[in-house]
Amino acid sequence: GGDNTVARNFDADWRKVDYNKVYREIAELLEDEDYDDGSYGPVFVRLAWHTSGTFDKTKGDGGSTGGTIRFHPEAGYGANAGLDIARNRLEVVKRNNPQISYGDLYTLAGVVAVQELGGPVIPWRPGREERLSASSCTSDGRLPDGAKGASHVRDIFYRMGFDDKEITALIGAHTLGRCHPNRSGFDGPWNASPTTFTNFFFTELKNQDWVPKKWDGPFQYVDKASGQFMMLPADMAFLTDPKFRVYVDKYADDEEAFFKDFAGAFSKLLSLGVKFPDDAPVYKFKTLDL
Ligand code: ZEM
């Protein structure tokens, strides 16, 4: 999709931002009955992940510093199709809180979405430096390809510094949202409650009979019983790969263990490569209903 995000060249100053206020403003943007399944939460989580998941631990580049996903060419990479919708939705928060950096805004939006949709508290720190040009965009190809299998998934996530347990916890985010034919080419939600954060990615992966979808689109799976729910080839790798499978079994049986490990891995993802100011505190936000 096109990118209409305005690069606002305000000087970011992390100390001057009221993050509890920003949390509330983002939370109030989540619901919209006319959008998808009624919530921007899933696409905010995907934005936070793609903002951060470019990190390369060997090269030391990529990650959420700079919020470079809003610049071309990164904004236009195939993997990022549709994320302009999330960035544009968040622009009002930047306007109201001009001193937040885009890296902080996009990662915090993922935290708010996970928590407000019923997931665990995600420890989060502010202080990602701003970048005002595309010069620190990484090259294309750093994010995983849903059409591929376990060895590709490991190559991508080991490059970021994750182990098999963390990778499996992270893929549990596919409990949220759906695939859009006009974004990734794939189609459908992973389960019947795409706006509630649960361990259903793992329970559905194990409990449904997954069969190839009969259509002209890219190869993917649908549940045999209803044909309404989907799995990517990369998702199926977590069922078939014995090392991933250990954690799939654990998280299907124990939602609390999933929530705990997801919180740790997602918090780590959002911090990859970031040089936080020493005195930047760790926030554990309260959800709006508390
Ligand atoms: Zn996703 N993801 N992802 N993911 N993802 C999609 C959607 C969402 C992969 C992938 O190819 C795709 C992680 C890991 C991996 C979310 C969160 C996280 C889509 C559909 C694809 C194709 C995009 C579309 O059409 O809109 C692959 C191959 C992954 C690793 C192997 C991790 C890690 C995530 C967060 C922690 C979320 C929430 C969505 C749903 C977005 C939406 O708009 O509903």
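Which backbone nitrogen does the side chain of E130 reach at 3.0 Å? The backbone nitrogen of Y102.

## About the model

This is a predicted model, where local features need pLDDT of at least 70, side-chain atom pairs count only at pLDDT 80 or more, and totals for chains, interfaces and linings use all residues. Residues are numbered from 1 along each chain as its sequence is written, and side-chain values use heavy atoms, without hydrogens and water.

E130 sits in the loop between α4 (102-116) and α5 (150-160). Helices here are DSSP runs (H or I, at least four residues), numbered from the N terminus. E130 has a relative accessible area of 16%, so it is buried (under 20%, using a 1.4 Å probe and protein chains only).

The side chain of E130 also meets that of R70 in a polar contact of 3.4 Å. Such a contact is a pair of N or O atoms within 3.5 Å; within protein, one must be able to donate a hydrogen and the other to accept it, and residues adjacent in sequence count only if both atoms are side-chain atoms.

Leaving aside residues up to four places away in sequence, E130 touches A12, G66, R70, K94, I100, S101 and Y102. Contact means heavy atoms within 4.5 Å.

## Helices α7 and α9

Helix α7 (residues 200-207) packs against helix α9 (residues 242-253). Their angle is about 110 degrees, and their axes lie 8 Å apart. Axes are lines fitted to C-alpha atoms over the stretch in contact, and angles run from 0 to 180 degrees between N-to-C directions. The two helices are therefore roughly perpendicular (65 to 115 degrees).

From α7, the contact uses F202, T203, L205 and K206. From α9, R245, V248, D249, Y251 and A252 take part.

Technical notes: Buried means under 20% relative accessible area, exposed over 50%, partly exposed in between (1.4 Å probe, protein chains only). Angles under 35 degrees count as roughly parallel, over 145 as roughly antiparallel, 65 to 115 as roughly perpendicular and the rest as oblique.
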